[in-house]
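Student: Hi, I have a protein model open and I would like to go through it with you. Could we take it a piece at a time?

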Amino acid sequence: MDYNDEDYRVVVNKDEEIKRFMLDEDLSETKRAQTIIMKGVPKQKIALYTNIARLLNLDFENLYQYVKADLMEQTEEILIVAGKSLIQINRSWKEVLQLTLHLLMQYNQKVAEAWVPVLGVCLKKVQQSECSLIERQIISLTEARQLDVGRWIGALMMGQTIEVFKDNFKGVLLDRFRQMCQDSDSEVREVIVSQIIPQLLKNLSQNLIDQYVTDKIFEMLYDSNLKVKRLMIETFCLHQHKISRGDWNFRILGTFLDFLQTSQVEALEKAAELSGRAYISMLDIADEDFVRKFVELFTKLGNSNNENIRKWYVYNLPGILTTLKQPYLHQIVEIENRELAFAIFHELVKYFEPSKVFSKYGQLFQCLLNLEDLDLITKLNLGQIYKYIKGSEPHDEQIQKFYNESNLQIAKIFDKCIMQYKLNQPILEQILSLVEYIDVEDFEKLYLPNLFKDQYNRDCDILSMKILTKYFITSKNYLIQQRIKDFMNNIFYTGNNQKRIKYIYWVAYIPQYVSKRRFTDLNCNQVLNYANDRQCVQIQLIKHLPMFYHYLSPQEYGILKMLQGKTIQEIVQNVFDQLNEFEVDDSKMMLDEDILFSQFQVKMPKQETNFDYLKKSKRIVMKQSQAKKTPSSHSVRQEKSMEVTQKRRFTEFVSKKKPMNSFKS
């Protein structure tokens, strides 16, 4: 509250004076409130009137007369506090209504702002026959001879009565409304356009609106006061659908276009804010000429020097684009401020049924991908766009062709963005969101080679390995997983410093997708051999240990504590303080892996898997060794020949689907 402690400071020097300001704790709330009303200081009364609605709801009969008498003599501050509280009153509205009307006649603007809402609450609870006094009071307050503040209070009261009176708000009241539209005080006209006209459009019959309200709306849209005009633009955009269609169509559309080309910045900001909502609600009366003019004017909003206007342009763009035909779609995105439009492009498809997404935006999306401006393309949310288009008709030949062309184009963009410091990370983030929507074989062919290349910086290397691990599990292809495993173990594990560090990233992110058993099968635990590597590799190994230590035994990763060097020891200490032993529940992952491997076996019934083949070879060798303890030179040659054949057959099996060199960077 706005009061100064010095104003309410009470100095007491005697016991008698102290007792005068103390209340008996055994008093009821009603008795305590009565005592404060009669003897309390301003601070006490502010606290009391803050809760006056609750107290009156508890014991209205014994307390109301005290409150009524006291409020007649109270300061502006206490009256405001009481008015804000009494909005919560839930009984005896007739008595509160009489008190409210009396206080509103004090011609105090701040008090009126607090008590007019109380008037609205009471009007909804009392019978309409008891409201005749209010009508007379409104007519009296809004006479031209009254003070500005009186007419302003009368306008506020009029706004509260319309919802209650509805079609009974007519005759003298409607005539007075029309007179007040030309009131000399701009604050009165602000109340008219922001409160009274919206309530009239909501609650009056169409005949009364056409007869008394419509012409005043178009007059006040061109008010000389900028604030009044701005508020009237808002009212028009939100409620113009209540105006009768037909004779007013031309004026509705023309006025709306006038707003979008006004030179008054504040008015244009409001028109830009509500342009989308107003435009869509006018489509039932819009013709081709109106759409063309609107697109031209709306496009200019995106090029405005005013930041707020550009913000509202972007805010309304998705909804407007959903209603436009193809020629206008291209026109509206060819603007200087296209970065914002690209960033929200994925929002457009949300407004359509999945079956219509591709036909509406497929061609436009490919046009955007063919632009030479890579900065703009990386602003697109490719993952969301693919998600919505994929929901159209996943087996449709035309959509499949669209995917093939888009995948190829994005792969070319990826290739151009590598080693560009501004674009490398954004394009990797986009591909991370695309992994699950791209065909497995297309991804392997188009994207993996670039993922294995050195990226611009360490953050980009981490992103590339995140993508690889996500693809590893989403591929759901056992052979592809084995090829990735072999490539990582043969090329990255034994590669240069940068490749070995990327191998650490691969090991760090793979546990979220695989079981502990599969983690071991992938030979990921060999990453601990880097404990004897160069310091830059050791540091990355230690820092990423918390991401995969739970798939290792404490004895395995405990060797890192033995590393030498002050810097290394500080990092080790910080990391090991974060490690907590816990049980890993990877049963679901193991079940998924078993299903994947069984599907792999079913797909090749005529061929032996590498595991079965090795087991069979071992049994043959054991039988031969039992038959002859000392084999002849002929049998030795025969065994060597069989071993060569086995190796050849195993090599042919592993390399049958894709050659390993397709992964080489």
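Predicted model: local features only at pLDDT ≥ 70, side-chain atom pairs only at ≥ 80, totals over all residues.

Student: What span does α31 have, and what would be expected?

Tutor: From its first C-alpha to its last, α31 reaches 19 Å, which is close to the 18 Å expected for 13 residues at 1.5 Å a residue.

Student: Arg500 is on your list, so why does it count as buried?

Tutor: Arg500, which lies in helix α31, has a relative accessible area of 12%, and it counts as buried because that value is under 20%.

Student: Which residues does Arg500 touch?

Tutor: Leaving out residues up to four places away in sequence, Arg500 touches Phe492, Tyr493, Gly495, Tyr530, Asp533 and Val537. Val527 is 27 residues away from Arg500 along the chain, and the C-alpha atoms of these two residues are separated by 8.9 Å.

Student: Changing topic, what about the whole protein: how many helices and strands are there?

Tutor: The secondary structure comes to 38 helices and zero strands, and buried residues make up 48% of the 665 residues. If you take the contacts with a separation of 6 or more, residues 24 or more positions apart account for 71% of them.

Student: Now α12, please: where is its kink centred?

Tutor: The kink in α12 is centred on Ile192 and amounts to about 35°. The end C-alpha atoms of this helix, residues 186-203, are 25 Å apart, which agrees with the 26 Å that its 18 residues should span at 1.5 Å a residue.

Student: Is α12 mostly covered or mostly exposed?

Tutor: It is mostly covered, since 13 of the 18 residues in α12 are buried, using the same cut-off of under 20% relative accessible area.

Student: At what angle do α12 and α14 pack?

Tutor: Helix α12 and helix α14, residues 226-239, pack at about 5° with their axes 9 Å apart. That angle makes α12 roughly parallel to α14. The residues of this contact divide into seven nonpolar, four polar and four charged, and among those on the α12 side are Val193, Ile197 and Leu201, while the α14 side includes Val228, Leu231 and Met232.

Student: How do the axes of α13 and α14 cross?

Tutor: The axes of helix α13, residues 206-220, and α14 come within 9 Å and cross at roughly 135°, which makes α13 oblique to α14. By class, their contact has six nonpolar, no polar and one charged residues. In that contact, Ile217, Phe218 and Met220 in α13 meet Val228, Lys229, Met232 and Phe236 in α14.

Note on methods: Residues numbered from 1 in each chain as written. Heavy atoms only, no water. Helix = DSSP H or I, 4+ residues; strand = E, 2+ residues; numbered from the N terminus. Expected span 1.5 Å × (residues − 1). Bend = angle between axes of the 7 residues up to and from the residue. Buried < 20%, exposed > 50% of the residue type's maximum accessible area, 1.4 Å probe, protein only. Axes fitted to C-alpha atoms, helices over the stretch in contact; angles between N-to-C directions. Parallel < 35°, antiparallel > 145°, perpendicular 65-115°, else oblique. Contact = heavy atoms within 4.5 Å. Nonpolar A, V, L, I, M, F, W, Y, C, P; charged D, E, K, R; others polar.
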